[in-house]
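User: I'm new to this one. Could you walk me through some of its side-chain contacts?

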Amino acid sequence: METYKRVAVKVGSNVLTRGDGTLDVTRMSALTDQMVALRRSGIEVILISSGAVASGRSELGTGLKLDDVSSRQLYSAVGQAKLINRYYDLFRGYGIACGQVLTTKDNFGSRNLYLNQKNCISTMLAAGVVPIINENDAVSVTELMFTDNDELSGLIATMMDAEALVILSNIDGIYDGDPSQPGSKVIRRVEPQTSLEGYVQSGKSQFGRGGMLTKSNIARKVAAEGVEVIIANGKRDDILPSLLLPAREREAMVCTRFVPNEKTPSSVKRWIAHSESFAKGILHLNAGAVEALSGPQATSLLPVGIVSVEGAFGEGDIVRLAAPDGRQVGVGLVTADSETVAASAGKHGGRPVVHYDYMYLDL
């Protein structure tokens, strides 16, 4: 892509914090300068920023005797205020307004909440305001938390129809070996069919919850939905403008680029694709149904293709679709509750249990 109209930029905790865990205001200032430069070139920027917990920890210290959940809630509540105030002052220096959007995983599980959130961010962009998004860690609990802000950034990028998602970490991208070992090189380009098995390590970052394995998985999923994903080093000078230059110049910047799928699903399908963690049940399909769904023709799931129903769900809930061997083949929005679906399973006739327009397949 030669030019971008809208990009999402995710800045990780290891980019925004120093070695001692304190907030790196100099780096924040540099990244703000770069985002302003992108805006002046006509690119809308949506910022997904980590750093609240680390910021709060550096403000309050680590001497408090709290459990993991309580300490995270406290540090994020204090740190988020500190973080957004820094951004506010930095952007205001350029005469640009920024706004805070704190979200939780639940806001992506409901279609209405999802659309309300999208409308809020769209309104901010239309008004020339830079949206700064973070998970609301102060009210999130473990089972309802995002894996990390990489997951959140992927959801935001697809929801807001961004052309690119830039994930800034503290290394240059995905390596073909241990990054600390001589001879290891950054994998510069990942096509949809490229296998990264054996390359990606599962270690987590020092201050964040995620790691390169999470980034790789999110990047693949987002790229499959038509968004270019770039993993790069946020501590490099002028990194954002360098990544978003015309293609012939961009190749010089060391990073990992995930090539987007040319066929993009509808906005509803993209929402469903990222809603599998909210699934209320599982529909176990027979081999004939799996074969029909994987064919070239658009096919809805009918009762006759269902072997059994697992879990309790209502009409309009998200469910997983499972093949006879147990592997997940997709997710979708059901048209009836679990009791109704179970009663009709295996029978001919009846309306679709999951309509094709509200189904995302992993086939």
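Here are a few questions and answers on rings and charges.

Analyst: This is a predicted model, where local features need pLDDT of at least 70, side-chain atom pairs count only at pLDDT 80 or more, and totals for chains, interfaces and linings use all residues. Residues are numbered from 1 along each chain as its sequence is written, and side-chain values use heavy atoms, leaving out hydrogens and water.

User: How many aromatic pairs are there?

Analyst: Rings of Phe, Tyr and Trp (its six-membered ring) pair if their centres lie within 6.5 Å; planes under 30 degrees apart are stacked, over 60 edge-to-face, the rest tilted. By that rule, the count is 3.

User: What kind of pair do F108 and Y114 form?

Analyst: Ring pairs link F108 and Y114 with W271 into a cluster. F108 and Y114 have centres 6.1 Å apart and planes at 70°, so with over 60 degrees counting as edge-to-face, the pair is edge-to-face.

User: Is F108 buried or exposed?

Analyst: Buried means under 20% relative accessible area, exposed over 50%, partly exposed in between (1.4 Å probe, protein chains only). F108 comes in at 1%, so F108 is buried.

User: How many residues apart in sequence are the parts that E276 and K221 tie together?

Analyst: These two side chains meet in a salt bridge (a Lys or Arg side-chain nitrogen within 4 Å of an Asp or Glu carboxyl oxygen), at 3.1 Å, N to O. E276 lies in the loop between helix 11 (267-273) and strand 9 (281-285), and K221 in helix 8 (residues 212-224); helices (H or I, at least four residues) and strands (E, at least two) are DSSP runs, numbered from the N terminus. So the tied parts are apart by 55 residues.
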